[in-house]
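The report below describes one chain of a complex and the contacts that link the chains to one another. Please read it alongside the sequence and the structure shown here.

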Amino acid sequence: MKSAPFEVFCPNSLDALIDLLDRYQDDARILAGGQTLIPMLAMRVASPSILIDINQVINFPKISAVNQRLEVGALIRHAELEEFLKSYPDHLLSKMVPWVAHAAIRNRGTVCGSICHADPSSEWVLALLVLDGYINLMSKKKKRRVKAKDFFLGPLQTCKLTEEVVVSVDFHMVMDGVRYGFSEYGYRHGDFAIVSAAVVKAGNTWTIGFGGVSDIPLVYELGDVDEMECKEFIEKLSHEVDVREDPSATAAYRRFLMRSQALQALSQII
Amino acid sequence: MTSEFNIKRIDANVRQKIALTVNGKLRTGFCESRTTLGDFLRHELGLTGTHLGCEHGVCGACTINVDGKPVRSCLMFAYQVNGSCVGTVEGLCENHNSDHAGLTDLQIAFKKHHALQCGFCTPGFLITCEDFLKNHPSPTEKEVREAISGNLCRCTGYAGIVNAVLEVAALRKMKPGGIKC
Amino acid sequence: MSFPDNRHFERYEDAALLKGAGSYIDDCPIKPGTLYAAILRSPSPHASIKSINIDKAVSLPGVRAVLTSQDVAAWSKPLMGAVKSEMKQFVLAVDRVRYVGEPMAVVVAESRALAEDGVELIDFDLEPLAAITDVKEAISSDAILLHVGTSSNCVSDRVFSYGEPDRIFENSAHLFELDISYPRNSCTPIETTGVIAEWIENENAYEVTSNFMGPFSLHTVMAAALGVSGVKLRHKVPKDSGGSFGVKQSALPYVVLTCLASRKAGAPVKFIEDRLEHLVAATSATARTTHIRAAVDQNGKILALDYDQLEDCGAYLRAPEPATLYRMHGCLTGAYDIPHLKVRNRVILLNKTPTGLVRGFGGPQVYFALERLVFQIARSLGKSYLEIAGLNYVKKYQFPFKAAAGAVLDSGDYDKAVSILLDSPEYQDMLDRQIQARKKGKWYGIGYASIVEPSVSNMGYISTVLSHEQRQKSGHKNGAIASATVSVDPTGSVLVNIASAPAGQGHQTVIKQIVSELFGLSGLDVVVNVDFDTNKDAWSVAAGNYSSRFAGAVAGTVHIAATRLKERISSYAATLLETSEDSLVFQNGYIINKDSDAKILFARACGAFHWAPDLVAAAIGSDRSLALRETAFWSASTLSAPDSQDHINTSAAYGFVLDACGIEIDPITCKAVIDRYVTVHDAGKILNPLLADGQIYGAFSQAVGAALFEEFQYSSDGNFLSGTFADYRVPTAAEVPIPSIKHMESPSPFTPLGAKGIGEGNSMSTPVCIANAIADAINYEGIHLPATPPKIHGWLVQAGHLKEEPTRQKSVRTHQKNMPLRASGEIKFGVEPGKIFQVLLDPQRIKKIIPGCESISQKKQSGDIVYESVAVVRIGVMKARFHATIVLSDINIPHGLTLSGYGKGPLGLAEGAGAVDFTTIGGVTHLSYHYQARVSGKLSAVGSRLLEGAIRLVLDQLFKALAREAGDIKTASLWKRLVDWILKRAKPE
């Protein structure tokens with residue numbers, strides 16, 4: 001399983017990077033952590049003629065929590081986020097990070113890379129949708145800031161244009177008065193989630209998100225309901241929403257897991 | 001269309017020379033842009049202790065240290081470690097000359113607990129376990145199992161591996177500075 | 001014989017392996033000028049090969065040759081099989097491809113990467129045929145025949161009868177029967193197959209190094225395929241192999257293929273199978289469908305068994321298949337004394353990977369049927385499993401016991417194993433935990449399995465597939481010859497050569513142990529060479545490492561050879577020490593006269609044989625051999641060929657395993673959690689307890705995989721879906737508990753050391769033990785493996801423990817078997833249908849809606865509109881180029897049409913068809929589509945989890961583009977509407 005040949009550019013500034021993207025457009029793919037891209041190259045399901053390796057770019061934002069938002073720059077590895085989040089053990093992101101693959105993958109893979117890949121089971125994709133996330137994109141022509149729900153279009157598909165790079169993403173990061181719960185189930189430790197459930201309770205407003213159930217994580221906001229009504233909503237949702245079926249799990253099982261994982265997440269809050 | 005920027009570029013199908021530190025020694029070798037780090041270590045540098053079991057990052061057999069952290073050598077390209085520090089199973093200990101001396105305490109424990117049979121996954125486990133023990137000196141069995149769940153073994157059923165790691169953790173707490181050469 | 005207390009010998013092999021100094025196939029030195037091979041493999045499960053064009057591949061710089069099926073037909077013969085049929089199996093597909101992954105051509109280049117570049121440049125045209133994925137379908141009257149010239153996809157149908165089963169079945173008090181199916185899986189070693197081959201033109205011979213592990217009966221198959229005699233195919237095996245578990249028997253076709261590639265290229269060629277190739281196309285255990293019946297008396301004694309076995313052997317019967325069926329034939333009655341037996345074995349070919357050796361080899365399939373049935377018999381009769389099993393077990397006094405179909409069970413004490421289980425605190429704890437769990441309403445079950453574990457296969461067993469008359473013609477086959485050479489060199493150190501091809505079992509350690517103890521030497525003075533070379537080692541058709549033959553056969557043969565040498569040395573030493581041979585003791589490097597304490601260095605005594613042979617001859621007699629080298633061949637005396645009544649002793653030794661397992665079904669995830677596991681083993685004389693336990697832990701771990709996680713999945717249209725290690729789920733340390741092991745020893749009277757094999761027991765017992773526990777936990781009988789959480793969820797629903805979930809929202813029309821992927825959607829247009837049709841019927845306008853369309857042309861066809869196009873489908877970072885044919889048919893303006901397409905590209909083949917309907921409601925046009933598709937090849941193998949979603953995405957893009965082109969930009973998809981609807985309902989009134 002050897003990649004097809006490619007040329008590599010290693011820009012060391014954002015300006016150089018976006019210039020390359022503008023120049024090469026669809027012929028180029030960005031290489032960040034490589035934990036998702038390199039297997040695809042090895043299997044030759046992706047064979048770009050050009051890779052733009054962004055690992056030497058020095059002026060991406062790093063990681064910072066300011067004004068109740070957490071910004072995570074393009075080159076922040078899952079492991080670095082994990083380290084940063086040790087100061088916020090009760091936050092949703094902190095609860096999610098142990099579920100992201102395995103240590104060796106977390107040492108290289110990037111949060112932003114995972115988000116661009118937009119796998120329906122990705123923890124960070126779910127987090128962005130549930131935590132009022134934004135994706136900060138840059139191209140030679142412009143910068144734009146896209147709401148998470150407008151960014152994800154389908155499985156593995158986002159609205160990022162080929163000439164754009166994700167510079168950073170940011171999430172809502174509030175601890176006061178907000179409770180978080182997360183649960184996911186995959187068959188083996190470290191596997192992608194069959195179903196994941198994230199719950200955020202801010203006062204009487206609940207935000208509930210499900211990953212792995214559909215092509216994009218599903219997110220619902222319930223205002224002014226109590227715990228009982230929330231559980232009823234989840235029950236009804238599990239019966240009514242259109243749920244994926246694939247060789248790894250039946251639709252019926254996913255419905256069952258929606259309820260069980262949501263209840264597990266809820267139990268961390270209540 | 002020349003760029004105003006001075007950007008490092010590697011052509012496809014052209015061999016590049018890279019230089020890096022491997023197991024404490026400066027090494028140089030040639031690679032193409034698409035040569036993975038795992039293939040480079042094995043075939044260019046002759047360090048065949050790192051094994052390729054799947055080439056898509058799941059089995060963990062190819063795990064090595066880059067700049068002190070475990071990574072999958074099948075999920076990096078060789079050119080990416082130009083100037084970096086790489087550690088492989090061969091570098092866990094410097095003395096290769098005798099049967100029993102020259103093994104680290106973890107390797108001795110692996111031997112004692114029959115934590116390897118065919119040995120193909122073993123280098124990846126050793127790198128993973130050393131890193132884990134460094135960061136988790138008092139693990140529970142559950143923590144050990146989860147930490148090594150990114151490395152697949154078909155021969156041993158993991159029994160000996162788990163027991164070896166737990167024993168070494170206990171021994172190192174009694175006697176800090178565990179690695180013997 | 002006695003063993004020293006250091007039976008816990010740590011392994012000699014470990015120091016090198018721990019330091020990364022192993023010598024696996026990819027580490028072996030290669031000659032300068034060695035080239036590398038990559039294989040073009042079929043993306044389709046069944047197709048006619050219309051054309052293959054290698055011109056572009058051959059012209060790629062760095063590619064040195066391409067091996068085609070024409071070369072293969074010219075330079076080789078089809079692989080021989082155990083069953084005569086019209087099926088022809090060349091190592092490259094000729095005329096037809098019959099399974100996903102079947103090799104079609106080999107590119108040889110200066111690097112593996114370049115070879116893969118070359119593979120992508122081969123153009124080929126396949127015409128798909130209907131693919132068969134199910135054994136019953138394969139033998140139905142209208143099934144397509146996989147092999148022209150055969151009369152059926154069932155290439156062998158044999159019926160056996162022992163005793164009077166029909167009479168017994170007619171008169172029995174109880175009749176129990178069960179249908180089971182066993183899935184395809186494999187032990188997928190972490191190291192894949194590797195071959196380095198060179199054609200020696202001057203000698204018309206081939207030299208090969210590979211990690212093939214035997215049986216070396218297949219050496220004759222390889223040589224015959226290559227058209228050379230056995231001595232002209234030199235086969236070497238490096239000393240280290242990264243696990244085999246039988247799976248590296250599948251090196252067989254690659255040895256032949258790489259040899260031919262070398263011939264084509266005029267240079268040595270190296271082929272290392274990658275993981276994708278291994279999962280798709282290396283091998284698999286057979287899938288088996290069995291209908292099993294038991295005639296049982298009122299007490300629960302089983303009087304007769306009836307097996308009707310349908311064996312899925314894949315697209316070709318690859319030697320030694322159908323050995324999976326026949327390896328267990330003699331002991332189909334398992335651990336039980338059942339005198340009447342009826343068997344029907346049907347060997348079926350269908351469009352999946354050819355099957356072969358996988359640890360357990362026939363045992364898991366047989367015991368899944370037998371032990372599920374016995375477990376059910378107990379439950380139905382209101383008795384415990386142990387009571388029923390105990391009632392039926394072969395008794396200690398009956399050994400050696402001849403089973404109905406001919407197995408001679410050599411030794412055992414099954415009742416003692418039961419006592420060991422009952423006495424074990426772990427088992428008592430399990431019983432207690434079940435009681436406590438059930439009090440809390442938890443689903444906690446206890447399962448059992450008893451199996452006999454055959455080892456040291458009788459090479460004649462495979463001929464049981466032939467009738468007696470056919471066997472008379474083709475010749476008698478029997479035995480399990482093991483060979484070993486022991487020699488002492490002039491410095492007094494010992495060298496042992498064994499033809500065993502180990503892959504981690506510690507053979508060197510055990511042999512060192514045996515030999516050093518025998519000669520009274522330290523292990524450091526004994527070297528065991530396991531580098532195998534057919535031109536230099538003593539070997540036989542049984543050589544290699546499979547059917548757990550090491551302990552029983554190989555180790556024993558070493559002991560025989562070493563003992564003969566020892567006798568010779570003793571004769572001489574006795575004269576030197578002036579005593580009789582019986583008074584000699586070999587200890588600490590000396591040979592000692594135990595009466596006088598006079599002693600001589602072992603090395604000195606041996607040295608005389610080399611340096612002063614006259615002295616030795618004078619001392620021991622000139623008619624005695626003076627060689628300090630002894631080669632022994634051994635075969636168990638009980639391994640005869642099948643007799644005229646088809647009785648066959650399929651193995652020399654039979655161990656026994658009794659397992660009990662406590663499983664709790666987790667109510668949150670429906671997963672089966674192994675709470676407690678006890679396994680009682682009788683493998684005869686244990687040679688090294690540390691290694692014996694290691695084998696048990698390993699087999700157990702793989703069996704947990706087979707029981708709960710692993711399956712080679714195929715879609716209903718034959719596409720392979722488990723192409724990565726993310727899809728084929730090998731359990732990790734977080735999923736595999738440590739079982740409690742209890743040993744007992746009933747030495748075999750038939751092996752030199754009394755030892756039996758121990759490597760396959762849990763492969764056979766654990767899957768069915770777990771299945772029984774799950775059945776007990778949820779009170780449901782239709783358990784089949786792997787018992788994954790979604791399946792358990794389904795069973796919980798069927799057993800009434802959980803409510804049924806609603807079916808999918810979107811109604812789907814006829815779900816065709818050969819179009820398993822579905823996508824439906826609805827889009828609203830602000831323009832009338834006529835405008836949309838205008839776009840569809842205009843090639844220049846439809847070009848704008850086909851994803852990434854690079855070109856389009858229209859073909860005239862009566863009634864239908866046909867477009868030929870090159871489309872580039874983009875999903876995430878992937879860009880898949882397809883040469884596509886798009887057909888618009890059933891055109892019914894303005895109501896609807898059928899839109900179908902067929903695309904072919906490097907990532908596979910895609911085909912889909914769907915109905916597109918238009919309805920106008922209040923000025924808004926609703927376009928609804930119901931699409932069915934199939935995808936073959938790489939995309940299917942590595943992307944099965946996301947395929948349907950990807951298809952939805954592509955169709956969504958297509959129809960949105962259609963809307964834009966037709967002049968309307970307002971669209972909405974059905975599911976988004978549904979979500980809005982739910983959200984509205986969620987908000988409080």
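From the N terminus on, chain B runs β-β-β-α-β-β-β-α-α-α-α, which amounts to five helices and six strands, where helices (H or I, at least four residues) and strands (E, at least two) are DSSP runs numbered from the N terminus. The model is predicted, and local features need pLDDT of at least 70, side-chain atom pairs count only at pLDDT 80 or more, and totals for chains, interfaces and linings use all residues. Residues are numbered from 1 along each chain as its sequence is written, chains are lettered from A and ligands numbered from 1 in the order in which they are written, and side-chain values use heavy atoms, with hydrogens and water left out.

**Chain B**

The C-alpha trace of chain B spans about 65 × 30 × 30 Å along its principal axes. Of the 181 residues in chain B, 61% are buried, a term that stands for under 20% relative accessible area, with exposed meaning over 50% and partly exposed in between (1.4 Å probe, protein chains only). Among the contacts in chain B with a separation of 6 or more, 56% join residues 24 or more positions apart, contact being defined as heavy atoms within 4.5 Å.

Helix α1 of chain B (residues 37–44) is mostly covered, with six of its eight residues buried, namely L37(B), G38(B), D39(B), F40(B), L41(B) and R42(B). The cover over these buried residues of α1(B) includes β2 (16–22), β3 (25–31), β4 (63–66) and β6 (85–87) of chain B. After α1(B) comes G46(B), whose phi is positive, near 75 degrees.

**Interfaces of chain C**

The size of an interface is often given as the accessible area lost when the parts come together. In the table, buried area is the accessible area (1.4 Å probe) that two parts lose on being put together, summed over both.

| Chains | Buried area | Share on carbon and sulfur atoms |
|---|---|---|
| chain C and chain A | about 5,400 Å² | 59% |
| chain B and chain C | about 4,000 Å² | 59% |

Between chain B and chain C, the contact takes 47 residues from chain B and 50 residues from chain C. Five salt bridges are counted here, each a side-chain nitrogen of Lys or Arg within 4 Å of a carboxyl oxygen of Asp or Glu. R42(B), one of the buried residues of α1(B), meets D26(C) in a salt bridge between their side chains (2.8 Å, N to O). On the side of chain B that touches chain C, the elements giving two or more residues are α1, α2 (105–112), α3 (122–135) and α5 (159–174) of chain B, and α2(B) gives the most, with four residues.

Between chain C and chain A, 65 residues of chain C are in contact with 61 residues of chain A, and eight salt bridges are counted. In one of these, the side chains of R44(A) and E116(C) meet at 3.5 Å, N to O. Several elements each supply at least two residues of the side of chain C that touches chain A, including α4 (112–120) and α9 (275–282) of chain C, while α27(C) gives the most, with eight residues.

**A residue among three chains**

M1(A) is found in the segment before β1 (7–10) of chain A, and M1(A) counts as buried because its relative accessibility is 4%. Leaving aside neighbours within four places in sequence, M1(A) is in contact with residues including A42(A), M43(A), C54(B), H56(B), R112(C), E116(C) and D274(C).
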